[in-house]
Structures are given as structure tokens and as C-alpha cells.
Amino acid sequence: MGNHVLIVDDEMGIRELLTEILEDEGYTVSVCANADEARQARLLARPDAVLLDIWMPGCDGVTLLKEWASSGLLTMPVVMMSGHATIDTAVEATRIGAFDF
């Protein structure tokens with residue numbers, strides 16, 4: 001895996017914590033607070049990996065994952081994150097193409 005990780009999460013504290021951890025390990029990190037920002041970031045650059053929250057206002061992470069998969073933009077591993085998801089959501093996300101949940 002390369003060193004550019006895109007974090008997509010609506011909670012600033014989670015974005016900050018993950019950024020600090022990953023940067024300490026030598027990764028370059030970009031952050032987005034919602035699906036609209038993530039769409040734009042993905043069009044500008046191809047991250048080496050994405051950490052994608054499921055529960056976000058507006059467009060949720062599973063919907064964004066589906067968009068990337070159907071448009072050929074799911075060219076990097078995506079790890080779905082959630083503190084509230086169900087097993088069904090995890091199965092759906094991995095079926096769509098998520099690397100892990």
C-alpha cells in the first residue's frame with residue numbers, strides 16, 4: 001500500500017485522531033467531513049486507501065461506496081467504519097467492494 005490515506009467522517013474528533021495516528025506512522029492524510037467533499041477529493045487524486053464512515057448526514061458511506069464502484073472509481077481499498085452498523089450493513093459493504101469493515 002502507498003502512503004496516502006483519505007479519511008471520510010463527519011465527526012471532527014475521529015478525523016483528528018485518525019490523522020494523528022496515521023501521520024505518526026508516516027502516512028500522508030487527507031480528510032473529508034462528508035460525501036460531497038470525498039467525491040471531490042477522489043476526483044482530484046487517487047488515495048492509496050480510504051477509511052469511510054457509514055453514518056454521515058446527507059449521503060451515507062455505503063451509498064458513496066456504491067457510487068465509486070459503479071463509476072469505476074473504486075480503485076483503492078476502502079475500510080468502512082461505524083460504531084452503530086449492523087451485520088447486514090457490513091455484508092452489504094463488503095459485497096459492494098469494501099476491503100474490510
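This talk walks through the helices of one predicted model and a few residues around them.

Let's start with helix α2. It covers residues 35-44. Which of its residues are buried? They are A35, A38 and R42. Now look down the axis of α2. The buried residues fall within an arc of 55°, so they line one face of the helix. Turn to the face pointing away from that buried side. There you find the exposed residues D36, L43 and L44. Notice that two leucines, L43 and L44, sit on that exposed face.

Two packed helices are described by the angle between their axes and the distance between the axes. For α2 and α3, the angle is about 25°. Their axes are 10 Å apart. Angles under 35 degrees count as roughly parallel, and α2 and α3 are therefore roughly parallel to each other. Their crossing is right-handed.

Who meets whom here? From α2 come A35, A38, R39 and R42. From α3 come L64, E67 and W68. Sort that contact by class, and you get 4 nonpolar residues, no polar ones and 3 charged ones. Keep A35, A38 and R42 in mind: they are buried in α2, and they also take part in this contact with α3.

D60 sits in the loop between β3 and α3. Is D60 buried or partly exposed? Its relative accessibility is 27%, so D60 counts as partly exposed. In sequence, D60 and A35 are 25 residues apart. In space, their C-alpha atoms are 7.1 Å apart.

Next pair: α3 and α4. Helix α3 runs over residues 61-70, and α4 over residues 87-96. They pack at an angle of about 15°. The axes are 10 Å apart. That angle makes α3 roughly parallel to α4. Is this crossing left-handed or right-handed? The crossing of α3 and α4 is left-handed. The crossing of α2 and α3, remember, is right-handed.

Now the residues in contact. V62, L65, K66 and A69 come from α3. T89, E92, A93 and I96 come from α4. By class, the contact of α3 with α4 holds 5 nonpolar, 1 polar and 2 charged residues.

Stay with α4. Its buried residues are T89, A90, A93 and I96. Down the axis of α4, they fall within an arc of 130°, so they line one face of the helix. On the other side, I87, D88, V91 and R95 are exposed. The buried residues of α4 pack against α3 and against β4, residues 78-81.

What follows α4? The residue G97 does, and its phi is positive, near 140°. D100 also lies in the segment after α4. With a relative accessible area of 41%, D100 is partly exposed. Leaving out neighbours within four places in sequence, D100 is in contact with V78, V79 and M80.

Now for a strand residue, L52. You will find it in β3. At 0% relative accessibility, L52 counts as buried. Which residues does L52 touch, apart from those up to four places away in sequence? The list is V8, G61, L64, L65, V78, V79, M80 and M81. L64 meets α2 from its place in α3. L65 is in the contact of α3 with α4.

Last stop: L18, in helix α1, which covers residues 12-24. Setting aside residues up to four places away in sequence, L18 touches I7, L51 and M81. And L18 and G97? They are 79 residues apart in sequence and 22 Å apart in space, C-alpha to C-alpha.

To wrap up: α3 packs with α2 and also with α4. Both α2 and α4 have their buried residues along one face. Thanks, and I'm happy to take questions.

Definitions and conventions:
Residues are numbered from 1 along each chain as its sequence is written. This is a predicted model: local features need pLDDT of at least 70, side-chain atom pairs count only at pLDDT 80 or more; totals for chains, interfaces and linings use all residues. Side-chain values use heavy atoms; hydrogens and water are left out. Axes are lines fitted to C-alpha atoms, for helices over the stretch in contact, and angles run from 0 to 180 degrees between N-to-C directions. Helices (H or I, at least four residues) and strands (E, at least two) are DSSP runs, numbered from the N terminus. Angles under 35 degrees count as roughly parallel, over 145 as roughly antiparallel, 65 to 115 as roughly perpendicular and the rest as oblique. A crossing is left-handed if the near helix is turned anticlockwise from the far one by less than a right angle, and right-handed if clockwise. Contact means heavy atoms within 4.5 Å. Ala, Val, Leu, Ile, Met, Phe, Trp, Tyr, Cys and Pro count as nonpolar, Asp, Glu, Lys and Arg as charged, and the others, Gly among them, as polar. Buried means under 20% relative accessible area, exposed over 50%, partly exposed in between (1.4 Å probe, protein chains only). The arc is that of the directions from the helix axis to the C-beta atoms.
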